[in-house]
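Hi,

Here is the model I promised to pass on. Have a look at it first, and my notes follow below.

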4 protein chains.
Amino acid sequence: MGRVAVVYDSLSGNTQKMAELVAEGARRVEGIEVRVVNIAEPDAAEVACRADGIALGSPTNLGVMSWRMKQFWDEKMGPYWMQLDGKIACAFSSAGAWGGGSEITCQALNTVLMNFGFLTFGLTDYVSKTASAHYGAIAVREPREEEVKEACRKLGERLAEWVGAYIDRNPDLHPLVREPGRKRPS
Amino acid sequence: MGRVAVVYDSLSGNTQKMAELVAEGARRVEGIEVRVVNIAEPDAAEVACRADGIALGSPTNLGVMSWRMKQFWDEKMGPYWMQLDGKIACAFSSAGAWGGGSEITCQALNTVLMNFGFLTFGLTDYVSKTASAHYGAIAVREPREEEVKEACRKLGERLAEWVGAYIDRNPDLHPLVREPGRKRPS
Amino acid sequence: MGRVAVVYDSLSGNTQKMAELVAEGARRVEGIEVRVVNIAEPDAAEVACRADGIALGSPTNLGVMSWRMKQFWDEKMGPYWMQLDGKIACAFSSAGAWGGGSEITCQALNTVLMNFGFLTFGLTDYVSKTASAHYGAIAVREPREEEVKEACRKLGERLAEWVGAYIDRNPDLHPLVREPGRKRPS
Amino acid sequence: MGRVAVVYDSLSGNTQKMAELVAEGARRVEGIEVRVVNIAEPDAAEVACRADGIALGSPTNLGVMSWRMKQFWDEKMGPYWMQLDGKIACAFSSAGAWGGGSEITCQALNTVLMNFGFLTFGLTDYVSKTASAHYGAIAVREPREEEVKEACRKLGERLAEWVGAYIDRNPDLHPLVREPGRKRPS
């Protein structure tokens with residue numbers, strides 16, 4: 001049974017709300033165990049390492065992840081480097097404003113994940129006419145708008161699909177099989 | 001008299017509308033000449049090179065600038081490399097969706113500009129409670145919401161301020177002098 | 001049988017030499033078909049779409065891929081968007097100098113690939129005491145130094161391993177199985 | 001008299017050696033005061049804020065700056081946000097390997113600096129046939145090769161030139177005036 005971990009840091013609670021939505025989406029996929037863990041919890045690194053796929057979320061602070069998230073990877077995850085290759089990963093981030101750096105923060109999170117050997121991905125799909133998560137899910141402050149929430153959920157769902165299809169070797173969970181008619185909204 | 005050029009590519013007309021707003025903002029600053037030029041125009045490279053500061057705008061296509069914009073820099077601007085150091089620059093981009101890559105496209109535009117020796121900048125200011133342009137101005141499709149429009153204008157205004165303060169050597173145009181009470185909206 | 005395509009643009013021939021090395025590395029993995037294709041060839045998009053994994057290489061031009069490579073994705077690959085999700089991909093680039101933008105170009109290539117739904121990866125491994133390809137393989141001009149060449153080969157090998165392990169569902173090809181004692185050189 | 005601060009974090013001493021070279025280069029420009037400060041020093045934020053231009057250096061850790069450098073900006077520099085607009089800045093970083101993320105780390109440092117309103121720049125010039133610092137100066141481990149050292153020095157020199165030309169309003173310090181014959185090595 002594939003395991004997904006949603007691993008996050010949150011100062012205001014906004015990124016935590018995104019984490020819960022990402023987990024909600026991952027649970028849409030049958031046969032996947034989903035855990036949500038704050039990096040301040042003592043077993044966060046262990047949960048992250050045991051998972052087959054992780055969604056990594058941080059507040060956007062100055063267009064980069066929070067220093068606590070960076071410290072988590074430098075110090076807590078560091079010892080596991082070279083042992084995690086081939087796990088699957090994606091990113092999400094909440095910023096103070098549109099244009100405030102949430103995409104660039106997702107890119108920095110993906111950079112860290114790639115360094116650790118994760119296969120990183122974004123959503124191709126639009127979740128509405130005006131929302132996507134091509135390089136990770138983003139929100140401004142609390143995720144309130146339905147399209148922002150659904151981008152988080154869809155990201156988690158896709159993560160669970162990749163874990164199911166590639167780590168659990170269940171080809172029926174590949175998104176091109178599960179959702180054959182996917183299209184960009186006109 | 002300082003010169004600002006707003007240099008853009010546009011397929012759907014959305015980035016062009018942003019360009020006009022950026023120019024409108026630049027005109028808020030006294031004593032600055034403002035030109036708007038589409039890269040398809042025959043004198044676009046000449047206008048860009050003659051300017052003291054440029055705002056560079058491209059549609060977001062796959063999280064990178066349009067191939068036409070890249071070709072413009074590779075082929076039309078290339079001959080001027082090493083002659084433009086110290087000009088001031090910023091970026092803007094319209095994407096199909098929030099989370100669709102507009103910030104990352106601005107980052108790629110800034111990368112090209114930095115390669116050419118431009119001093120690149122973003123807005124510190126929020127233009128509303130939920131909009132900024134920290135790494136360039138972004139829009140989803142056509143810039144319609146007032147905060148999106150104002151982020152474009154404010155970016156152009158800031159560009160004109162830097163050109164005035166640093167190239168024209170008019171310290172009264174430094175934004176910390178012009179707008180001493182700037183604050184982040186609560 | 002898994003298929004790897006090495007898809008590249010090259011002006012000076014340097015990126016082409018990298019492409020051949022990447023292909024050489026991919027051939028180290030048993031049971032994987034390897035194709036090398038220049039984007040100027042008429043069937044390049046078809047080869048890329050038929051592959052289970054691609055290594056994408058471009059010259060570093062201004063810290064972004066060449067305009068031809070961007071045009072290839074905008075125009076030739078565009079029609080296949082939403083049909084390629086879940087393929088596996090990595091990047092490589094040759095620049096004019098160290099510090100000349102080859103890593104940032106790999107990042108831009110990875111951004112395009114991520115937009116298309118590819119799972120993107122880099123090498124965790126060092127291939128020598130002073131060479132890696134954490135975010136893609138890089139070279140300065142022609143790949144001549146053995147460590148630069150081996151970074152290209154190793155990237156191709158890793159790509160073939162992921163294609164074998166995940167697309168062909170052969171767990172023996174997972175790098176943690178194939179090379180259990182991998183370590184960072186001291 | 002213009003002030004340049006070289007602000008750095010260093011674990012192994014390698015980034016510190018780069019910092020000293022950057023400072024050495026800045027001292028080539030007449031009339032510029034140069035300070036070097038480790039972010040662990042109690043007055044580091046004060047030195048950074050008082051400067052007209054800063055060169056910011058961090059070890060490359062996972063393709064992003066060290067968590068200590070991020071914490072410095074989040075916590076020590078945070079209170080000065082919106083007061084530093086228009087200062088001039090650049091980045092440098094030492095990684096464990098070529099292809100190990102030093103350019104991407106410089107990009108992350110530039111992102112933080114841009115968020116704070118700094119005008120960020122790189123070197124157009126090549127310092128040798130195979131070395132540049134287009135987006136910041138990079139080194140693998142200790143800066144030992146003469147071209148790597150000179151890239152650091154040249155970055156500091158350029159920073160001092162921009163501070164002199166734009167903040168001190170001394171047009172003779174503009175690099176196009178100081179070095180009129182600059183060319184790319186063939």
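What is the mean pLDDT of chain A, and what share of its residues reach 70 or more? The mean is 96, and 98% of the residues reach 70 or more; pLDDT is the predictor's confidence in each residue, from 0 to 100. For the model as a whole, the scores are ipTM 0.97 and pTM 0.98.

Some bookkeeping before the rest. This is a predicted model, where local features need pLDDT of at least 70 and side-chain atom pairs count only at pLDDT 80 or more, while totals for chains, interfaces and linings use all residues. Residues are numbered from 1 along each chain as its sequence is written, and chains are lettered from A and ligands numbered from 1 in the order in which they are written.

**The chain**

Chain A has six helices and eight strands (DSSP runs numbered from the N terminus, with helices being H or I of at least four residues and strands being E of at least two). In sequence order they run β-α-β-α-β-α-β-α-β-β-β-β-α-α. A compact globule of 186 residues would have a radius of gyration near 16 Å, and the 15 Å of chain A agrees with that (taken over C-alpha atoms; the globule rule is 2.2 Å times the number of residues to the power 0.38).

Of the 186 residues in chain A, 67% are buried. The burial classes go by the other C-beta atoms within 10 Å of a residue's own, with C-beta atoms placed from the backbone: buried is 20 or more, exposed is 12 or fewer, and partly exposed is in between. As for contacts (C-beta atoms, placed from the backbone, within 7 Å), take those in chain A between residues at least 6 apart in sequence: 74% of them join residues at least 24 apart.

**How the copies meet**

The same surface serves both copies here, as 100% of the contact residues of chain B recur in chain C. This contact takes 15 residues from chain B and 15 from chain C. Helix H3 (67–77) and helix H4 (102–115) of chain B each supply at least two residues to it, and the chain B side has seven nonpolar, six polar and two charged residues.

Which residues touch the most other members of the largest nonpolar core? They are A:Val22, B:Val22, C:Val22 and D:Val22, in a core of 285 residues (buried Ala, Val, Leu, Ile, Met, Phe, Trp, Tyr and Cys joined through C-beta atoms within 7 Å). Leaving out residues up to four places away in sequence, A:Val22 touches residues including A:Val6, A:Phe92 and A:Leu155.

Is C:Lys154 buried or exposed? It counts as buried, with 23 C-beta neighbours inside 10 Å, and it sits in helix H5 (residues 146–167) of chain C. Among the residues it touches, beyond four places away in sequence, are C:Leu123 and C:Asp125. C:Asp125 is 29 residues from C:Lys154 in sequence and 8.8 Å away, C-alpha to C-alpha.

Finally, backbone angles. Most residues other than glycine have a negative phi. A:Arg169 has a positive phi near 55°; A:Arg169 lies in the loop between helix H5 (146–167) and helix H6 (175–178).

Cheers

Methods: Contact = placed C-beta atoms within 7 Å. Nonpolar A, V, L, I, M, F, W, Y, C, P; charged D, E, K, R; others polar.
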